[in-house]
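Reader: Hey, can you walk me through this one? I'd like to go piece by piece and ask as we go.
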Amino acid sequence: MANLKGYAGKILKVDLSSGKISTIPTTRYVPQYIGGRGIATRIYYEDVGPKVKAFDPENELIFMTGPLGGTLAPGASRLCLVSKAPQSYPSESVADSNIGGDFGPTLKFAGYDGMVIRGKASKPCYLMIEDDTVKILPAEGIWGKKTLEAQRLLWKKHGPDAQTLIIGPAGENLSRIAIILHQSGCAFGQGGFGAVMGAKNLKAITVSGNGSVSMADPKGVIELREHTMKLVGPKNGEVKKGFLGHEYKNVAGYFQHWLDEGGMETGLHKFAKQGKAKMGIQGCYGCPFGCRTTMKWADGMNLTDGSTQCFEAFGYWQHWYKWSDVEGIAWEWNTLVNDLGINSTEVTALYWLIQTGREEGFLTKANTGWDVDQMGKEKYDNGKFINCEFFYQHLNDIAYRKGFGDHVAEGMARLADYIAGDKKFGEKRARAKYHYNLLFPKVGHAGGYRTHFNAINYGPMFYSSMAYGALGQRDPETKHIDNGFHNPFAYQPPVKKYLKTEDEQWHKMVPVLMKQLVGTDKPAIPPGFEHAEKAVRLYWQLNLETDCLQVCDWLMNDLRAIRFWSMWTEDGFGDIDLPRKFYNAITGLNVSRDELWESCERIFTLERAIACREGRRRVDDDYNNDWYEYGKNAGVQPEGLPGSGVVGRSKGRAYEPEKLRIVLDRFYELVGWNKDGVPTAKRLEELGMGDVAADLKKRGVLA
Amino acid sequence: MDENTTKKEKFMDKPVSRREFVARFSSVAAAGVAGAVMAQAGVPSRLHAKEKVRLVPSKGVVMVDAEKCIGCRSCENICALSHEGAVGTALSRIHVLKDWREPGSSIEAEFHPMACRQCPNPLCALACPVNAITADPKTGARVVDQEKCVGCELCIAACPFYPPRIKINRQAKKAFKCDLCGGDPLCVKVCPASALTFVTSKHGV
């Protein structure tokens, strides 16, 4: 396979302890492990044992691109990271994360499919890659700086086309909720990987690439791109008829899109209408869609220009403050968490704890040292920030680990434990654990990750998506496979217009999805849950397909029509084989759908084997009781919760834990795992991983 | 030539701002213009001991609306892929500049696609010592004859724009530039934001 196209051909290995820099051939892992998360997981399996702690020098940061990265495939910008995650709770465990932007493609153009970084530098340093030149340079002048300023310093030194990964003060101070940032808003968020970089004394990585990656069938790739353009929305200024006959006017940009479609209007829209801000669209490398919104402010706005995306940072803050009331504060928050290098998803959960904590009395000004009563009273008025003492103090305290912020920096899971266990938080302190449970429904190994939305309400809507979430190595709904399930209204406003009743929506939406996924019209929604296990298997295969080929799952899931339908095609069907077609044209392989999905299954089986090696079993594939109980009664989102006032999609559909367990039983059997959720030796051998089976036996994980 | 080459190498090694660039290379451009004047006056010069260059105007040009650009680099990608069968920013004839070095610039909110202007009097063609840059008979695009090109990079130094719209292929040691894809530029077709348009005129643009 030496002449396999679409890969740069080598993987960079850097040992920061010894300063040794070497490469290994990518052919060692392809085509068996495809690329991206597949190769990274395999390297993790080989290098990082179950006893290694996240902050040990032996832990590795494994960044990996895929064969589709940097090509014309839609959303080919991705870069995957696999490492032992400090954020996981109760014990650190393997997790993956993903970013867009320009870093991944540029790394490939520099000649590397990925980077494996281990060891610990004796003093703060950063890694500089310029094609064949790889250097570990001292981080003098940038260590201690916030992310945006530090990146500007690096661009001044290495040129504007150098791409950067960087940590902020949170990562330097080993916060378990620290991110690795690229540009202003692409972050390896969940996992706390910024602290792994900090523990290695590695402030940043820069890459410039002047090389190229050749394609097996360039003409085929260009034709596939033309095919892709039929599946996505219209170009600027054009009109296109999509699903349900809705006419789309705009290519993308979520906020723009929402505004055009009569959806949600945020404070930022108000600013734009008043002429105080100019909204634009931004896309990552090769993206025909552009989901990010750029903001440029009028003079006197006293806000940082930049870009955002609804579900990343400031969306939460806006949810929190009921969309339109906060305007400039939301933006300032977005900029500041990124600048300090904090995981915004975690911090939003903190506001839920503070909100309930100050109502129920377990969090006060006295025991936190923060003026918690001020939260929510901030104002931005014509360039001035009013009532913002709490606002600035809490974020800075988290990043620099001062006072109560020191405990928040350990992540919400550990914070809830701390509050519940310390008498100074009063009699009701145990309630902290209850409120934590509602937002962080997963139990056991690989817990400590909140849902993207409030899972109670937007929730996993099917037993299949519930089971899929329960099996994940990170947050439920990590990969947007079932994204349409939790909030089709917000995401695709036209639905509301054409399909008035919920029954009508199910009737129209579910067949498209189910026919494609499991070959039947019968939906796997509660109470019926037939075929749910097949859907779970497919979610995993489709998830790994995008993550290994390294394309944007957000966009690709639309184009593959696996969130109910493809909104830009009239019949609602997209092209479920789109990634595979690109894969074949780029590499010159001729892989069938079954072969590719078998490879994907190999990778999620390997991930499971690693998790089992680290102690995971079937009891960990579940949600907590508080969450189940709350879900039974949740109809309308209570005031104060993100998305308050929105009618809960789980209304009248309480989940029964027993049914989830039945789905999981069937799923284990379907994919060849034993009753305890450990991949069997037979299945591992079938997938070409006899060595993994032997390893599990040696460790006593398998009998 | 030695002096020019040294300057060029410095430039390639370390990206410079537009202002620095203009300051550094105005002398080169001026030398080119002066050379042309001297050539017309019949005065032999080192650069222009060759036939006079006068190209017919291009019939088309790729126009850029930076306001609409979403910074996705699809244009770069399809350009490299269709011409070289490989992807890579270094092989693209169009370049999306993302320069956020100054604190005033907005990270991720500013990108400027840079396409060849197909100049009426192209300084790159003027600078070429072997007349490898000519007007394509069909489209009028200024194209590099790969057979003739000697890879001296004088054209790159002569291009008055930053970054230069003519580039060097480091492997092949040949210059390359936008050829308007034979009259149907793929970058314009692929752009999802309609930021690029192909403007034509039979009288020349």
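Reader: Let's start with a cysteine: is Cys155(B) buried or exposed?
Author: Keep in mind that this is a predicted model. Cys155(B) counts as buried, at 6% relative accessibility.

Reader: And how far is the sulfur of Cys155(B) from the closest cysteine sulfur?
Author: The closest one belongs to Cys152(B), and the two sulfurs are 6.1 Å apart, which is too far for a bond. The cut-off for a disulfide here is 2.5 Å between the sulfur atoms.

Reader: How many disulfides over all chains, then?
Author: The count comes to zero.

Reader: While we're on chain B, how many helices and strands does chain B have?
Author: Chain B has six helices and nine strands. It has 205 residues, and 53% of them count as buried. If you take the contacts in chain B between residues at least 6 apart in sequence, 62% join residues at least 24 apart.

Reader: OK, over to chain A. What's the strand order in the open sheet of six strands?
Author: The order is β2-β1-β6-β3-β4-β5, with mixed pairing. At the edges are β2 (20–25) and β5 (93–99) of chain A, each pairing on one side only. Neighbouring strands in this sheet are turned against each other by 20° on average, ignoring direction.

Reader: In which sense do β1 and β6 of chain A pair?
Author: Parallel, over five bridges, with β1 covering residues 10–15 and β6 covering residues 114–118. As one example, Val14(A) is opposite Ile117(A) in β6(A).

Reader: Which strands does α1(A) touch when it packs on that sheet?
Author: α1(A) touches β1, β3 (61–64), β4 (79–85), β5 and β6 of chain A. The direction of α1(A) makes about 30° with that of β4(A).

Reader: And what's the angle between α1 and α22 of chain A?
Author: About 90°, with the axes 5 Å apart; α1 spans residues 36–47 and α22 spans residues 532–549. That makes α1(A) roughly perpendicular to α22(A).

Reader: Which residues meet there?
Author: From α1(A) you have Gly36(A), Arg37(A) and Gly38(A), and from α22(A) you have Trp540(A), Asn543(A), Leu544(A), Asp547(A) and Cys548(A). By class, this contact has three nonpolar, three polar and two charged residues.

Reader: What does Gln32(A) touch, leaving out residues up to four places away in sequence?
Author: Gln32(A) touches Ser599(A), Arg602(A), Leu687(A) and Gly688(A). There's also Cys600(A), 568 residues away along the chain from Gln32(A), with 9.4 Å separating their C-alpha atoms.

Reader: Switching topic: how many residues of strand β12 of chain A are buried?
Author: Seven of the seven, residues 202–208, so β12 is largely enclosed by the rest of the structure.

Reader: How does β7(A) run relative to β12(A), parallel or antiparallel?
Author: They run parallel, joined by six bridges, and β7 covers residues 125–130. Leu127(A) has Ile205(A) in β12(A) as its bridge partner. Strand β9 (residues 163–166) of chain A pairs with β12(A) in the antiparallel sense over four bridges, and there Ile166(A) is partnered by Ala204(A).

Reader: What about β7(A) and β8(A), how many bridges join those?
Author: Six, and these two run antiparallel, with β8 at residues 133–138. Glu130(A) is opposite Thr133(A) in β8(A). The hairpin has two residues between the strands, and Asp131(A) takes a positive phi near 50° there.

Reader: Last one: how many residues of helix α17 of chain A are buried?
Author: Nine of the nine, residues 463–471, so α17 is largely enclosed by the rest of the structure. Among these buried residues are Tyr463(A), Met466(A), Tyr468(A) and Leu471(A).

Definitions and conventions: Residues are numbered from 1 along each chain as its sequence is written. Chains are lettered from A and ligands numbered from 1 in the order in which they are written. This is a predicted model: local features need pLDDT of at least 70, side-chain atom pairs count only at pLDDT 80 or more; totals for chains, interfaces and linings use all residues. Side-chain values use heavy atoms; hydrogens and water are left out. Axes are lines fitted to C-alpha atoms, for helices over the stretch in contact, and angles run from 0 to 180 degrees between N-to-C directions. Angles under 35 degrees count as roughly parallel, over 145 as roughly antiparallel, 65 to 115 as roughly perpendicular and the rest as oblique. Contact means heavy atoms within 4.5 Å. Ala, Val, Leu, Ile, Met, Phe, Trp, Tyr, Cys and Pro count as nonpolar, Asp, Glu, Lys and Arg as charged, and the others, Gly among them, as polar. Buried means under 20% relative accessible area, exposed over 50%, partly exposed in between (1.4 Å probe, protein chains only). Two strands pair if DSSP finds at least two bridges between them.
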